[in-house]
Amino acid sequence: MKLSKSKYCEIWQCPKIAWMKKYRAEEEVIDDSARQRMESGRIVGEYARHLFGENFIDVTVTDTDGQSLNLPAMVTNTREAMESGAETICEAAFAYNNMYCAVDILRKENGGYVIYEVKSATEENPIYYADVAYQKYVLGHCGVNVTGSHLVYLNNEYVFDGTLRLNELFCISDDLDTTEEESKIEDVIASAEEIIDTDSEPDIDLNIGCKKPYDCSFFAYCSRNLPKPSVFNLYRQSFSKKLDYYYQNKISYFDLVNEPTIKSKINRMQIDHIINKTEITINKKEISKFLEQMTFPLYFVDFETMQPVIPEFIGTKPYAQIPFQYSLHICTDYDESHMIHREFLAESGTDPRRAFAESICRDIPMDVNSVVYNKAFEQTRLKELAETFPDLSEHLNNIGDHIIDLLVPFSQGNLYTTEMGGSFSIKSVLPALYPDDPKLNYHNLDGVHNGTEAMTVFPKICSMSPEEQAKTRHNLLKYCELDTYAMVKVWQYLLKSVR
Ligand code: SF4
C-alpha cells in the first residue's frame, strides 16, 4: 500500500474510506460544500507559503497531465534544496518505504527542521495532530531532525483594513505535542494494510468518523441498507446521539417509537407519521396566529452571499458572508397576479455591499413586513451592513426589525408532512408541499441550483467572456427569484391550510 498523508488521515478517520477509494471509488459523493472546502484549502495554501517572506523554494513538480504530483522529482528537489541550505521549502517531499508526504512549509529552525502544516480552518481539530504525527514519522525515518511542528490556520478575528497582513491573517499554534499520535502510527498502518490489501468489503460499521471532521463522502453507500427513514434522519439530534441509538439497535422509527429519551416534538412527529402512516399534520390554530402578523404589503426577500476565505473587502474577516444578490417578491394582496418582482445582482469583481445596501433600502421601505426563510441569516447580514454603512443603518436595522420568519410554522411542527423527512429547509419543504409543479423544481434551473453554487460562481463572473457573464447572471437571477417565489407559494399553502 502506498501511503500519502491524506490517505493516512483517511485511515485514521475510518480505514474503510481508503478501501472504498480503492475498490468502490464510484460510490463517492462529493458535495458542493466539500468542493468548496477543497478550494478554500488550495487558496489558503497559496497565501500561507508567503508567510515567512518571499525567499522560499517551492519544490512542487506535476506530471505531464499538470494534475498529479511527480513525487520522485519532488523528493529529489527537496533533498537538493536542503543541501543548498534553503531556509523555507514549500511542499517539501519525503518518501520512506511506501510512505510519503509533502510538508506544506518546512523551515530550517532550532538546529533542525520545523514542520508548518497549513489548514484553511479557523480552529484546531484532533485529526490535525494525526496528520502532523505522520509527517514527523516519515521525516524522522528519512533522517531529518524535526525540531518542532506547528499548525498554521486562519485567524477568525483578523479584520482586513485594505492591506493584507499575512502575519495577522494566520495564527501559528504552539509547538504540537504529537507523542500520543506518533505512538499509534505503526498500528494504524498495519491494521489498514490488512483491510486495504483484500478486495472483500471490510466489516466496519458506521462510526463517529462518518461525520468527523466532515461528513464522509461514502455515507450514502455505507448507510444504504438502513431502513428509510432511519435514526439518522432525526431532526436536530447530534450524530453521536444517533450513533448511540444505532448501536443499541434502535434504527428504524418502529424501533424508536417507545424510546423515552426522544422527547422533541418534531422527532415524535417524525416517528408518529411513519408509524401511523399520517401524511400531514396541521395545527390550524398556531398557523392562523402566525399568519395574522403578516399584514400587507409583504416583502418576500432572500439574500445570496459569497464567503471569501481570504478577506477582500475592508472591515471583513476570513469567511465573512458578503451579500451580493437579493430577490424580492412584493405582495400587496392575496392575488398573485398583482405581485411585483424586484431583484439586485452586484457586479462581480467589486465590493458589492454598498450597492446591495442602497438597493435594498430603495426596494424595501421602512416599517413594512419583510418575509424571509430562516431569519437569523438575513438579520445578521442586515446588521453587518448597518454597522458598515452608518448613513443607512436606521433603514437597514428597520428592515431587520420587521422580519417575519416563514420557517417558524415548520420548525415548530405546526405543519409537517412525512415527505419533509425532518428537514425544514425551503429545498425540502417546497417539494413536499408542491411535489408535481415543474415551475417550483430547483432541478429544472440552469447552472445554479443552490446557494453554494451561487456563491461559487458569482466571484468568477468577472473573468468570464461577455456571453458567459450574461448567461451566468441570468442563471443567478432565476435561481434567487425561485427562492422568493417558493416562499410566496409556501405562504399561500399555509393560507390554504387554515381555510
Ligand atoms: S461512511 Fe463511515 S463507515 Fe463508511 S467509509 Fe465513511 S467513515 Fe467509514
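This is a predicted model: local features need pLDDT of at least 70, side-chain atom pairs count only at pLDDT 80 or more; totals for chains, interfaces and linings use all residues.
## The five-stranded sheet

Five strands form an open sheet in the order S10-S9-S8-S11-S12, with mixed pairing. Two strands pair if DSSP finds at least two bridges between them. S10 (340-345) and S12 (403-405) are the edge strands, each with a single partner, so one side of each lacks a neighbour in the sheet. On average, neighbouring strands are turned by 25 degrees against each other, direction ignored. S8 (298-306) and S11 (369-372) pair in the parallel sense over three bridges.

Residues are numbered from 1 along each chain as its sequence is written.

## Helices on the sheet

Helix H19 (466-497) lies across S8, S9, S10 and S11. H19 runs at about 45 degrees to S9. Axes are lines fitted to C-alpha atoms, for helices over the stretch in contact, and angles run from 0 to 180 degrees between N-to-C directions.

## The H14-H15 pair

The axes of H14 (375-388) and H15 (393-401) come within 8 Å and cross at roughly 170 degrees. The two helices are therefore roughly antiparallel (angles over 145 degrees). Gln379, Leu382, Lys383, Leu385 and Ala386 in H14 meet Ser393, Leu396, Asn397, Ile399 and Gly400 in H15. Contact means C-beta atoms, placed from the backbone, within 7 Å. The contact residues divide into five nonpolar, four polar and one charged. Nonpolar means Ala, Val, Leu, Ile, Met, Phe, Trp, Tyr, Cys and Pro; charged means Asp, Glu, Lys and Arg; the others, Gly among them, are polar.

## Backbone exceptions

Most residues other than glycine have a negative phi, and most peptide bonds are trans. A cis bond joins Lys228 and Pro229, with omega about -5 degrees. Phe296 to Pro297 is also cis, with omega near -5 degrees. Pro297 sits in the loop between H12 (284-292) and S8.

Glu91, in strand S2 (88-96), has a positive phi near 65 degrees. Glu91 is buried, with 21 other C-beta atoms within 10 Å. Asn374 has a positive phi near 80 degrees and lies in the loop between S11 and H14. With 16 such neighbours inside 10 Å, Asn374 is partly exposed. Buried means 20 or more other C-beta atoms within 10 Å, exposed 12 or fewer, and partly exposed in between, with C-beta atoms placed from the backbone.

Definitions and conventions: Helices (H or I, at least four residues) and strands (E, at least two) are DSSP runs, numbered from the N terminus. Angles under 35 degrees count as roughly parallel, over 145 as roughly antiparallel, 65 to 115 as roughly perpendicular and the rest as oblique. Two residues are in contact if their C-beta atoms, placed from the backbone, lie within 7 Å.
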